[in-house]
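Opening the notebook on a two-chain model. I want to look up a couple of loop residues and then the interface.

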Amino acid sequence: MSFTPLFTVAQSAATPNSVTITDTSTGSDAAIVSRRIKARDCFGNYLPSGSQYTSWPLATNPIAVDMLTKDTAASITVEWLDSGNNVLYSLENTFCLCEYGKQFYFYLIQQLAQRPATLQDSFFSANLSLFWTYLIGAINAISTGQSLSGSQNLLDLETEMQNNQTMYF
Amino acid sequence: MTTAQAITNGFISTHLCVLYNKKQSIFNGGALAAPKSPVHIQMVSDALNWGYTGGAQTDADIDTVKNYLIWLTGIFGLEASASTGSGGSVIPINPSLTPSRIDFIVDGSSFIPNGGTSKVISQMIGYEISFVRGGLVQSTISTEPTYISWNKVTGLLTITPALVTGELISIIP
């Protein structure tokens with residue numbers, strides 16, 4: 001049966017720095033002896049910083065990779081290699097990895113739920129809406145626009161609000 | 001209501017709220033006194049969805065936001081529940097459970113034999129009955145010459161006066 005490369009990516013909400021990649025390929029190819037992951041941000045920088053790829057042993061599936069320090073629009077490529085390290089199969093996909101923002105946003109709504117009248121604070125509610133818009137926009141930029149840079153621009157805006165939350169909320 | 005149902009109802013409530021705000025009425029009634037914000041409903045639904053599916057939040061924190069969303073969606077959440085089937089259900093009564101009528105002519109071995117004045121009819125417990133004696137429906141008025149009493153909880157039927165051989169009897173639930 002011919003080999004069809006496939007993989008899924010999931011980011012942990014509890015530890016957003018960690019990204020779990022699962023090989024869901026179908027079929028087989030006896031020539032495949034190793035596998036590796038190449039992840040890059042919208043500027044072409046490798047993730048995690050300093051390493052061009054992460055080796056992914058065939059016996060390990062899924063694999064958790066510590067690659068993020070903030071919300072990132074990432075391009076992730078998995079390559080299946082032969083004994084000479086030649087790439088036999090390669091598959092690239094783009095992902096909006098924004099669990100830092102999602103969980104911070106949940107925290108904001110949780111604070112609002114405890115004091116619903118806070119919504120009357122136009123400063124708070126306007127920034128809350130902005131934060132939500134940045135997140136949704138970043139997700140949509142990848143899912144419908146396939147735009148790494150567009151997504152990252154929005155993620156940077158919400159990250160700035162996270163890092164300076166006392167100014168905004 | 002489960003958290004997953006609350007999230008689904010929240011997403012559905014967003015468009016319901018938009019439509020009702022646009023019509024400025026609810027359920028074809030009067031104008032909305034205080035229109036809600038569909039954007040805010042969507043924002044809270046997203047937060048609960050991300051917090052719940054992420055699995056990193058405590059149950060108490062999830063419940064806080066869930067209850068807020070249920071309160072926020074209000075009437076729209078109720079309508080959403082109806083459309084998703086998460087608003088409860090009523091089990092219909094099975095009509096085949098109605099017991100059959102009993103007809104007999106009194107003799108020494110009939111359903112209620114000659115001289116009989118009482119009978120427990122268990123299959124008719126829970127039902128009202130009509131007791132027809134010689135073509136006449138009997139009442140429960142004890143000042144009349146003939147009458148019955150019927151306890152639909154225990155199924156005990158008492159007959160006054162006692163049945164006599166040859167009488168045609170019908171008991172109809």
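Which backbone oxygen does the side chain of B:Ser110 reach? I looked it up: the backbone oxygen of B:Ile112, at 2.7 Å.

**Ground rules.** I'm working on a predicted model, where local features need pLDDT of at least 70 and side-chain atom pairs count only at pLDDT 80 or more, while totals for chains, interfaces and linings use all residues. Residues are numbered from 1 along each chain as its sequence is written, chains are lettered from A and ligands numbered from 1 in the order in which they are written, and side-chain values use heavy atoms, with hydrogens and water left out.

**B:Ser110.** I find B:Ser110 in the loop between strand E1 (102–105) and strand E2 (118–120) of chain B; strands are DSSP runs of E, at least two residues, and helices runs of H or I, at least four, numbered from the N terminus. B:Ser110 counts as buried because its relative accessibility is 13% (buried is under 20% relative accessible area, exposed over 50%, partly exposed in between, with a 1.4 Å probe and protein chains only). Leaving out residues up to four places away in sequence, B:Ser110 touches B:Phe104 and B:Ile105 (contact is heavy atoms within 4.5 Å).

**A:Asp82.** On chain A I checked A:Asp82, which sits in the loop between strand E7 (72–81) and strand E8 (87–97). A:Asp82 is buried but has no salt bridge (a side-chain nitrogen of Lys or Arg within 4 Å of a carboxyl oxygen of Asp or Glu). The nearest side chain of opposite charge is A:Arg36, 9.4 Å away. A polar atom of the A:Asp82 side chain does lie 2.9 Å from the backbone nitrogen of A:Gly84. Not counting residues up to four places away in sequence, A:Asp82 touches A:Ala31, A:Val33, A:Ser34 and A:Leu88.

**Interface.** Chain B puts in 18 residues and chain A 19. Together they bury about 1,600 Å², 77% of it on carbon and sulfur atoms (accessible area, 1.4 Å probe, lost on putting two parts together, summed over both). On the chain B side, B:Met43, B:Trp50 and B:Tyr68 lose the most area to chain A, together 42% of what that side buries. Helix H2 (38–54) and helix H3 (59–84) of chain B each supply at least two residues of the side touching chain A. H2(B) gives the most, with 11 residues.

Terms used: Lys, Arg positive; Asp, Glu negative; His and termini not counted. Polar contact = N/O pair within 3.5 Å; in protein donor to acceptor, adjacent residues only side chain to side chain.
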